[in-house]
Amino acid sequence: SFSNEGGYNRTVLFLKNITGLWSLQECKRIWESESPDISYSDLTYEAESFGNAGAWIDINHNEFFQSCDMPSKIIRFLSATGQKYDCSTAFITRVILESLAYSYRSIIRQIELTTGENINKLYIVGGGSKNKTLIQLVSDATGLPVYSGPVESTVLGNVGVQALGDGKVTCLEDWHKIISDSFSPAYYEPRNPGYFEQNESTYLSVTGRKIEFNNH
């Protein structure tokens, strides 16, 4: 499921689309019915304070792509796979973030096997780069240093192409340098990689099972 995506000036991006924070977005939509002022910052802080979840979902399961009562669906998955669960926002948020980190760990391995290249650092840009808890978990899960930001990466790419088209910038490499000189990414390094190493077999076991969801 990898592809090659065309980019500016005949560049090609080796690409794999994977699930991001959709599950958390859907959970927040449900939780807002009881707590209208709840924010992503609140949820991230709760997840950070909660500590290790010790339970995970298959974040790329088709059922989690649908708009639905996501918290209930996550609990059903955990129950069906014999994992512990509770209905608190802190626990469910932590389950989502840890499951995302495991997903990224798996994809990075696939990229290395496919390309024959070793990945030694990661860059996370866009809106997800604001979620410090997730980024730290990704660093822990992959065992790699992670550079985070800029947040408005899509806008910067758009501005760059316009600047190139207008002759304000001579080449793509020059625009890359302008970006690197204009923003200082946050830096993360692994703090608790052992947690993901020790639980990987359990994660693979529960996410590898065929789960039938009862949507009623």
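Helices (H or I, at least four residues) and strands (E, at least two) were taken as DSSP runs and numbered from the N terminus. The model is a predicted one, in which local features need pLDDT of at least 70 and side-chain atom pairs count only at pLDDT 80 or more, whereas totals for chains, interfaces and linings use all residues. Residues are numbered from 1 along each chain as its sequence is written, and side-chain values use heavy atoms, with hydrogens and water left out.

On this basis, R109 lies in helix 4. Its relative accessible area is 38%, so R109 is classed as partly exposed, a class that falls between buried (under 20% relative accessible area) and exposed (over 50%), with a 1.4 Å probe and protein chains only. R109 and L164 are 55 residues apart along the chain, and their C-alpha atoms are separated by 35 Å.

Helix 4 (residues 89-115) also packs against helix 2 (residues 40-50), at an angle of about 85° and with the axes 8 Å apart. Axes are lines fitted to C-alpha atoms, for helices over the stretch in contact, and angles between N-to-C directions run from 0 to 180 degrees. The two helices are therefore roughly perpendicular, the term for 65 to 115 degrees; under 35 counts as roughly parallel, over 145 as roughly antiparallel and the rest as oblique. In contact terms (heavy atoms within 4.5 Å), L43, E46, A47, E48 and F50 of helix 2 meet T89, A90, F91, T93, R94 and L97 of helix 4. Six of the residues in this contact are nonpolar, two polar and three charged; Ala, Val, Leu, Ile, Met, Phe, Trp, Tyr, Cys and Pro count as nonpolar, Asp, Glu, Lys and Arg as charged, and the others, Gly among them, as polar.

Three strands form an open sheet with the order 3-4-5 and mixed pairing, where two strands pair if DSSP finds at least two bridges between them. Strand 3 (122-124) and strand 5 (186-188) are the edge strands, each with a single partner strand, so one side of each has no neighbour in the sheet. Strand 4 (residues 146-148) and strand 5 run antiparallel and are joined by three bridges. Within this pairing, Y147 stands opposite Y187 in strand 5.

Overall, the protein chain contains eight helices and five strands. Of its 216 residues, 40% are buried. The C-alpha trace spans about 60 × 45 × 35 Å along its principal axes. Among contacts between residues at least 6 apart in sequence, 70% join residues at least 24 apart.
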